[in-house]
Amino acid sequence: MVQLTELVDPDKLFHDDYAYFSSISTRMAEHFWQYAEWVREKYTAAADPLVIEVGSNDGIMLRNFANAGVRHVGVEPSANVAQAAREQGINTLCEFFNEQTARQICDEYGQADAVLGANVICHIPDLHSIFAGLDVLLKPTGVFVFEEPYLGDIVEKTSYDQIYDEHVFYFSLHSVSALARRHGMELIDVLPQSVHGGSMRYVIARQGSHRPSASVAEILNREIDKGLAEAATFVRLSERINASRDALVNLLQELRGQGKRVAGYGATSKSTTVTNFCGIGPDLVEFISDTTPGKQGKLSPGVHIPIVPYDHFTESRPDVALLFAWNHASEILANEAAFRAGGGQFVVYVPEVRILDDKTAYRHAG
Ligand code: JHZ
Ligand code: SAH
């Protein structure tokens, strides 16, 4: 298991002023519609099924179940995003998911056909409490489906910006299947996803209740071939991370030397790692544009680059956009055709530092 060793108290991270609203991306809304449809087809055949989502945020996934009239409960500790979901008629419990809340939900609604999650399980320090909760909450044939940034992609793409305080764990099949086994459960399916720079969807069920798909053994073997269970792989990763930092700082200094103005695109959590690790401040990146109202008018953590509304990006016409939201590149590049047609350039740093030209596609987009 790759994980952080210093943890921030979850109450300090997830509260009534949480900065991330999932529905800010239309591509992610489509993704969650597909995710929900897939769950509905495969795992909610029972009469009057019950679906629980851990970390339901502003309702980006559960609205698909709510619209289809499926019984559902979202468990979301950040009160502001939970409220945004409730306003759309999504049944939301404003609590941290753990063994205790699982019991509470079970008492009120009964056992669930599916417990879902996305980009949340890696945020929860006490994984054993989650699994104890699942044991209470899942029907005998119920499933736990969740998807998170995949360690294999982080290593392959040197996407070290996934490493920050909210992300306690960087899962692989090896770590997830070992965890499930310790709780009498097993991995029955895995499906690689392109979102968030490369994610993995895991399906877990009670041991022996479902027949595991062939892809579980295939990807477990692939992890061994790629050295994901060997320390040397991570020593080499740290060397590539240092090289990536040097290349990015050199490129930004070169652009500044040419008199070019560089702006950040997307005040992502990931960008906080990049700017602080590389020492990139307002001298190299003038401002960061972000469409989230709650982030605008603030300074980026640590290096204090001003975060401004998107209008400022279009009006002040920087020469270069440093794509901090590289995982949303397909959506952003499609929207920014005019910026590029007017001579604007995008710089990316995953999987390597480079200026995007029109001829080569950027394949790492989610
Ligand atoms: P995005 C957050 O990470 C935090 P972040 C969290 N820990 C996590 O795991 C993932 O989400 C799921 C802006 N934007 O999705 C909006 C534009 O300005 O990469 C967002 O602030 N214009 C829960 O923050 C940011 O970029 C656009 O066109 O790394 C994107 O954040 C688009 C598409 C986004 O996640
Ligand atoms: N699932 C959404 C949101 C991811 S952001 C998406 O993929 O876009 C992570 C969310 O998990 C936040 O809304 C945060 O408040 C929530 N969260 C953090 N710890 C949690 C816990 N213990 N139980 C439930 N949700 C939690």
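Trainee: What lies 2.9 Å from a nitrogen atom of ligand 2?
Mentor: A backbone N or O atom of G55.

Trainee: What should I know about the model itself?
Mentor: It is predicted: local features need pLDDT of at least 70, side-chain atom pairs count only at pLDDT 80 or more, and totals for chains, interfaces and linings use all residues. Residues are numbered from 1 along each chain as its sequence is written, chains are lettered from A and ligands numbered from 1 in the order in which they are written, and side-chain values use heavy atoms, with hydrogens and water left out.

Trainee: Back to ligand 2. Which residues come nearest?
Mentor: S22, E76, S78, F97 and N119, out of 19 residues around ligand 2. Here "around" means that a heavy atom of the residue lies within 4 Å of the molecule.

Trainee: How do S22 and E76 sit against it?
Mentor: A polar side-chain atom of S22 is 2.7 Å from an oxygen atom of ligand 2. For E76, a side-chain N or O atom lies 2.5 Å from an oxygen atom of ligand 2.

Trainee: And ligand 1, how many residues are around that?
Mentor: There are 24, and H123, E166, K270, D290 and H328 come nearest. H123 has a polar side-chain atom 2.7 Å from a nitrogen atom of ligand 1. H328 places one 2.6 Å from an oxygen atom of ligand 1.

Trainee: New topic. How is the chain divided?
Mentor: Into domain 1 (2–229) and domain 2 (232–356). Those bounds come from an automatic or database domain assignment.

Trainee: How much area is buried between them?
Mentor: About 2,100 Å², with carbon and sulfur atoms giving 62%. Buried area is the accessible area (1.4 Å probe) that two parts lose on being put together, summed over both. In domain 1, T158, Y160 and D161 lose the most area to domain 2, together 33% of what that side buries.

Trainee: How many residue pairs are in polar contact there?
Mentor: Ten between domain 1 and domain 2, both residues at pLDDT 80 or more.

Terms used:
Polar contact = N/O pair within 3.5 Å; in protein donor to acceptor, adjacent residues only side chain to side chain.
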